[in-house]
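Thanks for coming. I have one structure to go through today, and I will start with the whole chain before turning to some details.

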Amino acid sequence: MNPAVGANASAPDSEALEKRTYSKVFWRIVPFLMLCYVIAYLDRVNVGFAKLQMSQDLGFSEAVFGLGAGIFFLGYFFFEVPSNLLLHKVGARVWIARIMITWGILSGCFMFVESVTSFYILRFLLGLAEAGFYPGVILYLTYWFPAHRRARIIAVFMSAIPVAGIFGNPLSGWIMDGFQGAMSLQGWQWMFLIEAIPAVVIGILVLFWLDNSIQKAKWLNDEEKALLQRAVDEDQAQATSGPHSVKGVFLDARMWWMAGIYFAFVMGQYAITFWLPTLVKATGVVGNFRIGILSAIPFLCAIVAMNLVGRSADNQRERRWHLIVPAMMGAIGFAVSASYTQNTAISLLFLSLAAAGVLTCAPLFWSLPTAFLSGTAAAAGIAAINSVGNIAGFVSPYLIGTLKDMTGSTAIGMYVLSVVLVVGAFAVWLVPRKLVNR
């Protein structure tokens, strides 16, 4: 047999095997993790919808609500790195299950909030419980997918954020209106209880569904395992320019630069997810269910943008401009919508542009640090960047709430967010092309 003919024949077979194997891994892992994140994100931000009733019932000011929403990220900050290191050590299956079950129980406890103090304490504990879930999943995906496949995979996973908004906002509005007064409970109390149950149920399912590594996946054959492991090993070998220890991560200036970029993008992300129902209501929309339906529109736009840009970034193996353009979209969207707060149509149009921009930034961002982090350093680095960046989750809602109390409007806060996003885009432009474009 002619060796050349054999080589030509084996190439399509190899490509077919690779395509089939990655498709198999995708459908086994990503939709399930996306479902987990939909539930996680819903339990994290449904307080933004509860605010429509909760603030009035309990007498919370805008600043109190904003601080309470943000305190979640203080607990998140303190336990993020230890949580991710524990996940790397004990395995994703047990640790992600633990995270989901504990946050589900705590989320349901919000129905018992009666004071500012209890609100703050529960928000802090919820952040403590959930710390490690998101960076843990990002780390877990690096165990299965090499860098050149990662942007679109993370974009699909993070589509959970707009999906949570698309279904969560109308669901929250329906529960709050439909269950108001039932068994002497307020609508917001029922919402916290009902939306907490799926986290506990899915957390138990994690124990039976996820595998800690390629080699432990019984649903893969030996040939598929070898292909996946080889790709991951080759990818990690290319990350030689990054630190190789936990200490090295914190001494690497690039890690802090990445944390600063992520901070800017998270500022915009949580402005959308926490304040969108309030921003829609401010345009004159009446009724919780109607607010929920209209609040879903920006998230529909975001889910399309996230996946199109993620696919383009992987196909072109270009990372920087695929981040800069969405960041600028977010800046323009916030600035223009702030100028038309009394016009529902125009405000919603540009809030949709802002949502598409800032929510696209989050998954695309992770192509930057994971290009030079691997192993234990990746576990610590991803968690540290996410931890520092998510301080913006504390700053953003508190800033907007405080400025609204002072001025009676959310406009100034949204202008500030626009400036922060422009700074973030410029910081991305300064990242060396050779470091991240692979």
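The protein chain exposes about 16800 Å², and 68% of that is supplied by carbon and sulfur atoms. Keep in mind that this is a predicted model.

On secondary structure, the count is 18 helices and zero strands. Of the 438 residues, 59% count as buried. The C-alpha trace spans about 80 × 45 × 40 Å along its principal axes. The radius of gyration is 22 Å, which agrees with the value near 22 Å for a compact globule of 438 residues.

Next, contacts between residues at least 6 apart in sequence: 83% of them join residues at least 24 apart. As for charge, there are 29 positive and 22 negative side chains, and the centres of the two sets lie 4 Å apart.

In general, an α-helix has 3.6 residues a turn, so residues three or four places apart point the same way.

Last, Ile 400, which is found in helix α16, residues 391–407. Is Ile 400 buried or exposed? Its relative accessible area is 3%, and the cut-off for buried is under 20%, so Ile 400 is buried. What is Ile 400 in contact with, leaving aside its neighbours within four places in sequence? The answer is Ala 271, Trp 275, Thr 410 and Leu 417. Ser 347 is 53 residues from Ile 400 along the chain, and their C-alpha atoms are separated by 17 Å.

Methods
Residues numbered from 1 in each chain as written. Predicted model: local features only at pLDDT ≥ 70, side-chain atom pairs only at ≥ 80, totals over all residues. Heavy atoms only, no water. Helix = DSSP H or I, 4+ residues; strand = E, 2+ residues; numbered from the N terminus. Rg over C-alpha atoms; globule rule 2.2 N^0.38 Å. Buried < 20%, exposed > 50% of the residue type's maximum accessible area, 1.4 Å probe, protein only. Contact = heavy atoms within 4.5 Å. Areas by Shrake-Rupley, 256 points an atom, 1.4 Å probe, with all protein chains shown as cover. Lys, Arg positive; Asp, Glu negative; His and termini not counted. Charge placed at Lys NZ, Arg CZ, Asp CG, Glu CD.
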